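Here are my notes on the model you sent over.

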Amino acid sequence: MAKHYSQKLLVVLLLTAITILNLPSISATTSNQEVDAIVKALVQKGSFTIWAKLFANSKTRPVLPKNATLFVPTDAALSHLRYATDMDPYFIPYHITPQRHLLFSDLCHLKPFSLLPTLVPSKTILITSTLASNYKVDNSLITHPNLYLSPRIAVHGINRILDLHPQRSKMPALLRVGDVLGAANTHAAE
């Protein structure tokens, strides 16, 4: 029974990858070699086999921007889905931050309540805790920082699926990460 659900989950994940291809086009994308390297890192870690299968088995691999940060849920986080149909078609794009790759040390310099853009238009990831020992994005703990790093891509393992539909209207004024990093670079240059 569990194998049947995991197969359904894999099918939905593969279909979600195809959804990425229908998002607005991104000018530069990663190479297949880079995607292969990400898959290898996920397989070697062992706790991310569902995502590894998604990237490896899809004939239409997900299109990643040239520079990106991925927040990849563990297999344990994904196993809590009751049915494969529980997954939103924007599930994977919401776990990808375009524009720059953020090492864990970069993330630790961000202020709480900063926002990271995602591949889902007008959706952001909220930095909810910036303590290195308890760093959280959308209340999901980064359990495997710097799981995969290249000059353009950073992958961090997280313990929960990110919530695509958070209630942010009652939050204080928020900072966009580009604004925070730009201000830090401006002050450093002075």
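1. What percentage of the residues in the chain is buried? Of the 190 residues, 43% are buried, where buried means under 20% relative accessible area, exposed over 50% and partly exposed in between (1.4 Å probe, protein chains only).

2. A word on what you are looking at. This is a predicted model, in which local features need pLDDT of at least 70 and side-chain atom pairs count only at pLDDT 80 or more, while totals for chains, interfaces and linings use all residues. Residues are numbered from 1 along each chain as its sequence is written, and side-chain values use heavy atoms, with hydrogens and water left out.

3. On confidence: the chain has a mean pLDDT (the predictor's confidence in each residue, from 0 to 100) of 75, and 63% of its residues reach 70 or more. Over residues 11–27 the pLDDT stays under 50, although the model gives this stretch 36 contacts beyond four places in sequence; contact means heavy atoms within 4.5 Å.

4. The overall layout has seven helices and eight strands. These are DSSP runs numbered from the N terminus: helices are H or I with at least four residues, strands are E with at least two. Among contacts with a separation of 6 or more, 71% join residues 24 or more positions apart.

5. Do look at His 156, which sits in strand β7 (residues 153–158). His 156 has a relative accessible area of 0%, so this residue is buried. Its side chain reaches the backbone oxygen of Leu 102 at 2.7 Å, and a polar atom of that side chain lies 2.9 Å from the backbone nitrogen of Asn 146. Leaving aside neighbours within four places in sequence, the contacts of His 156 include Thr 69, Phe 71, Leu 103, Phe 104, Ile 142 and His 144.

6. There is one aromatic pair in the structure. Rings of Phe, Tyr and Trp (its six-membered ring) pair if their centres lie within 6.5 Å; planes under 30 degrees apart count as stacked, over 60 as edge-to-face and the rest as tilted. Phe 104 and Tyr 135 are edge-to-face because their planes are at 70°, with ring centres 5.6 Å apart. The pair links distant parts of the chain, 31 residues apart: Phe 104 is in helix α6 (residues 104–108), and Tyr 135 is in the loop between β4 (124–129) and β5 (136–137). Both Phe 104 and Tyr 135 are buried.

Terms used:
A polar contact is a pair of N or O atoms within 3.5 Å; within protein, one must be able to donate a hydrogen and the other to accept it, and residues adjacent in sequence count only if both atoms are side-chain atoms.
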